[in-house]
Structure formats: C-alpha cells, structure tokens
Amino acid sequence: MIGAAPEGVSDLETTGHAVREMFTSIAPRYDLLNHLLSFNVDRLWWRRAARSFASILSRPNARVLDLCCGTGDMTFALLRQARTSSARILGVDFSHAMLQRAREKSRGTPLHWIEADALTLPFTDAQFDLITAAFGFRNLADYDAGLREIVRLLKSGGECGILDFGEPKGPLGRVYRIYFKRVLPVIGTVVSGVRGPYAYLPASVERFPHPDAMLDRMRGAGFREASWTPYTFGIAGLYRGCK
Ligand SMILES: C[S@@+](CC[C@H](N)C(=O)[O-])C[C@H]1O[C@@H](n2cnc3c(N)ncnc32)[C@H](O)[C@@H]1O
C-alpha cells in the first residue's frame with residue numbers, strides 16, 4: 001500500500017485521522033496561504049484544469065464530483081467553466097472546517113457540498129461524468145484504493161482529472177526546491193500559527209509517485225488513455241484518465 005504518511009502514523013485509519021486534523025487546523029488561513037505561497041498561480045492551475053474538461057462541463061445535466069475540495073476553489077473553477085450548462089457539481093471533503101468555508105463562499109451558487117472520505121464515498125456505482133481532485137489526492141492514505149473508488153463512481157466513458165504538485169527538474173528545479181522545502185514551510189508555519197502541515201507538504205510531494213509510476217497505477221486501476229500534462233515547468237501537473 002502506498003499513500004500519504006504524516007509523521008508518526010502508520011496505518012490507514014490513523015493516517016486519515018491525522019490528515020483531517022491537519023487540514024482542519026489550517027482551515028482559517030488556508031486560502032490566504034494558498035495564494036500567498038503560490039504567488040496566485042494556483043488560480044491559473046485550477047482554471048486550466050477546469051478548461052481541460054470543457055466539453056464534459058458544457059453537457060446538459062453532466063454530473064461532476066470534485067474530491068478533496070477543501071474550501072472549494074477547484075469546484076468554483078469547474079462551475080465557472082460549466083457556464084450556462086446545467087451541470088450538477090458536488091464538492092466532497094472530510095474536513096468539516098474546510099467545507100464550512102466552501103459553503104460560506106458559495107452562497108447563491110448551485111454548488112453542493114458533502115462531508116465524506118474519498119476512500120469510501122457514499123454514492124452508488126457509475127454516477128459521474130467527471131471526477132476531479134486538486135492537491136488532495138496526494139493526501140489519501142492509499143492511492144490505489146483512491147483510484148479504484150474513482151473508477152467505481154465514473155460512468156463508462158467518464159473522465160478523471162487529478163491536479164497535484166510535481167518536482168520540476170533542471171536548474172529551475174533546484175531553485176524551486178530551496179523555496180518549497182525551506183522557505184515555504186517557515187512562512188506557512190508563521191502565518192497559519194500551526195507547526196507541522198507546511199513541513200508535511202514538501203515531504204508528501206517527495207513521497208508521491210513520479211508521473212510514470214502514477215500513470216501505471218492509473219492504468220492498473222482501470223483507466224484508459226492515462227496522461228500527465230505538466231503545468232508551470234512541472235511544479236504542478238494534471239493527470240487524466242478515461243473509464
Ligand atoms: C491541499 S487541500 C486541497 C483543497 C482544494 N482542492 C484546493 O485545490 O485548494 C486537500 C484537501 O483534501 C482533503 N482530504 C484529504 N484526504 C481526504 C480524504 N481521504 N477524504 C476527503 N477529503 C480529504 C483535506 O481535508 C483538504 O481539505
């Protein structure tokens with residue numbers, strides 16, 4: 001089994017618990033820190049990922065699930081891309097505090113929010129045309145179980161998009177690593193007032209399978225046409241697959 005491993009935890013249940021507590025503790029400052037630490041590039045990534053699924057999102061009555069939605073910024077990008085279509089878009093997260101912020105931000109929109117674990121989702125099989133996860137999949141306690149759950153919930157022909165951090169190579173990669181491993185944890189800790197989560201972030205990216213390995217896992221879980229598109233020199237990237 002390979003998945004997230006916050007410090008001091010070893011099994012599936014305690015990992016999920018530790019991850020949930022971690023995000024709950026930073027929920028009040030999560031949006032601010034996201035934009036600050038990414039120099040606002042995060043907005044471009046969400047928008048670009050949503051644009052990749054324009055054809056599904058423009059379908060009338062498309063059913064869309066945004067996993068690990070946090071405070072909802074990927075979910076909002078999906079809604080903006082869906083424009084006038086009557087796509088039904090649901091955000092799921094297991095941190096109550098993160099979802100509460102998503103709810104506050106989404107008043108007056110047709111978005112729906114559900115509190116649930118991405119590894120055991122409360123939906124019957126083959127319901128969704130599109131399932132996304134932005135910067136959340138990496139935090140699952142078991143990546144293969146997460147992929148299997150996505151495959152279970154997609155309709156035949158449905159698509160999945162996993163947006164997450166990568167490790168850029170070359171000279172830019174070296175400079176970026178200094179920022180990501182040394183500077184970002186300090187700013188994150190000071191602004192959030194919580195020790196831990198912003199040191200866990202670079203560690204979790206380092207642990208996450210590299211693109212080739214992740215694509216193999218996706219194929220193994222039953223995805224066709226698995227692909228990875230780097231964003232901003234590979235600092236982030238979008239995994240796509242079709243059921
Ligand atoms: C880094 S945040 C990403 C939030 C949002 N998608 C974004 O792009 O800003 C990761 C989110 O994943 C959620 N998460 C992690 N593991 C989860 C799981 N097993 N089930 C549901 N949500 C989970 C956390 O609670 C957190 O809100």
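Start by selecting residues 30-37, helix α2: six of its eight residues are buried, so α2 is largely enclosed by the rest of the structure. Buried means under 20% relative accessible area, exposed means over 50%, and partly exposed lies in between, with a 1.4 Å probe and protein chains only. Helices (H or I, at least four residues) and strands (E, at least two) are DSSP runs, numbered from the N terminus.

Before going on, note that you are looking at a predicted model, in which local features need pLDDT of at least 70 and side-chain atom pairs count only at pLDDT 80 or more, while totals for chains, interfaces and linings use all residues. Residues are numbered from 1 along each chain as its sequence is written, and side-chain values use heavy atoms, leaving out hydrogens and water.

**Stop 1: inside α2.** Colour Tyr 30, Asp 31, Leu 33, Asn 34, His 35 and Leu 37, the buried residues of α2. What do they pack against? Their partners are α1 (12-26), α3, α5 (73-82), α6 (96-105), α8 and α9 (197-207).

**Stop 2: α2 with α8.** Two packed helices are described by the angle between their axes and the distance between the axes. Axes are lines fitted to C-alpha atoms, for helices over the stretch in contact, and angles run from 0 to 180 degrees between N-to-C directions. The two helices are therefore roughly antiparallel; that label is for angles over 145 degrees, with under 35 roughly parallel, 65 to 115 roughly perpendicular and the rest oblique.

Show the side chains next: Leu 32, Leu 33, Leu 36 and Leu 37 of α2 meet Tyr 179, Leu 184, Ile 187, Gly 188, Val 191 and Ser 192 of α8. Contact means heavy atoms within 4.5 Å.

**Stop 3: the sheet.** Select the strands. In what order do the seven strands of the open sheet lie? The order is β3-β2-β1-β4-β5-β7-β6, with mixed pairing. Two strands pair if DSSP finds at least two bridges between them. At the edges are β3 (112-115) and β6 (224-231), each pairing on one side only.

Zoom in on β4, residues 128-134. Seven of its seven residues are buried, so β4 is largely enclosed by the rest of the structure. On one pairing, β1 and β4 run in the parallel sense over four bridges, and Val 64 has Leu 130 as its bridge partner. On another, six bridges join β4 to β5, also parallel, and Thr 132 stands opposite Gly 161 in β5.

Then look at β2 (residues 88-93), which pairs with β3 in the parallel sense over four bridges. Asp 93 has Glu 115 in β3 as its bridge partner.

**Stop 4: helices on the sheet.** Bring back α3 (residues 41-52), which lies across β4, β5, β6 and β7 and runs at about 155° to β6. Helix α7 (residues 143-153) also packs on the sheet, touching β1, β4 and β5.

**Stop 5: Gly 70.** Finish in the loop between β1 and α5, where you will find Gly 70. Is Gly 70 buried or exposed? At 6% relative accessibility, Gly 70 counts as buried. Beyond its neighbours within four places in sequence, Gly 70 is in contact with Asp 93, Met 98, Leu 99 and Ala 102.
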